[in-house]
Amino acid sequence: MITNLRGRDLIGDLDFSKEEVETVLSVAWDLKMKRALGIEHAILRDKVLAMLYFFSSTRTRASFEAGIAQLGGHGAFIESRTTQISHGDTEKEMGEIFGRYFDGIAIRHCDWGIGNRYLNLVAEASRVPVLNMQCDVYHPFQCLADLMTIMEKKGRMLRKKKVVVSWAYAASYSKPMSVPQSLVLQLPRFGMDVTLAHPPEFSLMPEIMAQAEAEARKAGVHFEVVHDMEEGFKDADVVYAKSWGCMNYSTDADEVRRITDKYKDWITDDAKMALAKEDSIYMHPLPADRDIEVTSAVMDGSHSVVFDQAENRLHAQKAVMALTMN
Ligand code: CP
């Protein structure tokens, strides 16, 4: 087991090797059990995590803040719009200065073509770990919690298990493509056969697809892309269906609306879930557009594991903080 993760950044899903992810999961389950048993685990006493947000959050903010407190430290919530970042503080200055104040810097910056670059520039200048709370390319902590949840529900040997990562229609806003990108990168490494389902205009970034295909080849698993939701759901053990934007196709708001509205029938409902295995699980990182992206019957139904999935954000994040910030 590789345990020396002290000082490491987690920005992209492949920043940690498979063995290092296994270490994270082991620590996450240990911390989850300690919390269940009321065993104190103040591994990061007196450590402070900067939590810098350029974009709204419910789960990420709450679980990072609760997590660092449970580890004996403190989380400092900072919004870009109430700092001097909007008046010119640069990435280098943020990395240098926050690196001297804090023991870790967690950042959420989802702006298309900007967020991931921002995190990497801060990391270059920082002497402490930079943790990606979601950017335009990756959502690695969501993916760790997802993997943890899949293993809890389907067992730790995932070879020959099929996951469908599917696009779904949403009316609220153009969501980042970071969640599906993280999933197609990470899950093949753990032996899962991956089917990516989306309308043609909603492709993922070509460089991420190339990496995902390479990971699938290396792991000897099946990786395919289909443009039909029903076809994707067929015989799936894990259904992971959520919306994302068509940024690779167009960023013009009117065109995006017109294209997205062509696919209102891409909703997860009981009929589509019936195409998956009888004991399949339904996953969503939330927030979801209820009864637009997924029916309430599925979201609140017997296949749904969305609350366990949300809970595991806490344990997975505590594990990474404990390993990298100690
Ligand atoms: N899943 C997720 O990242 O949720 P929030 O956007 O609420 O943080």
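Predicted model: local features only at pLDDT ≥ 70, side-chain atom pairs only at ≥ 80, totals over all residues.
Twenty residues line the second largest pocket, and Arg108, Gln134, Tyr173, Leu286 and Pro287 sit nearest its centre. By type, that lining splits into seven nonpolar, eight polar and five charged residues.

Now move to the largest pocket, with a volume of about 380 Å³. Of its 25 lining residues, Tyr173, Ser174, Lys175, Gly245 and Met247 are the closest to the centre. Both domain 1 and domain 2 give residues to this lining too, so the largest pocket lies between them. Helix H9 (residues 253–260) supplies the largest share, four residues.

On to the aromatics, where the count is twelve pairs. Take Trp167 and Tyr263: their ring centres are 6.1 Å apart with planes at 80°, which is over the 60 degrees needed, so the pair is edge-to-face. Trp167 belongs to strand S5 and Tyr263 to the loop between H9 and helix H10, 96 residues apart. Trp167, at 0% relative accessibility, counts as buried, and so does Tyr263 at 14%.

Tyr263 has another edge-to-face partner in Phe202, with ring centres 6.2 Å apart and planes at 85°. Because Phe202 lies in the loop between strand S6 and helix H7, this pair ties together parts that are 61 residues apart in sequence. Trp167, Phe202, Tyr263 and Trp266 form one aromatic cluster.

Finally, look for charges over rings: Arg61 lies over the face of Phe77, 3.4 Å from the ring centre, and Arg156 over that of Trp29, at 3.8 Å.

Terms used:
Residues numbered from 1 in each chain as written. Heavy atoms only, no water. 1 Å grid on protein atoms, 1.4 Å probe; cavity = no way out; pocket = protein on both sides within 12 Å on 5 of 7 lines; lining within 4 Å. Points joined across faces, edges and corners; volume = space filled by probe spheres on them. Helix = DSSP H or I, 4+ residues; strand = E, 2+ residues; numbered from the N terminus. Domains from an automatic or database assignment. Nonpolar A, V, L, I, M, F, W, Y, C, P; charged D, E, K, R; others polar. Phe/Tyr/Trp six-rings, centres within 6.5 Å; stacked < 30°, edge-to-face > 60°. Buried < 20%, exposed > 50% of the residue type's maximum accessible area, 1.4 Å probe, protein only. Lys NZ or Arg CZ within 6 Å of the ring centre and 35° of its normal.
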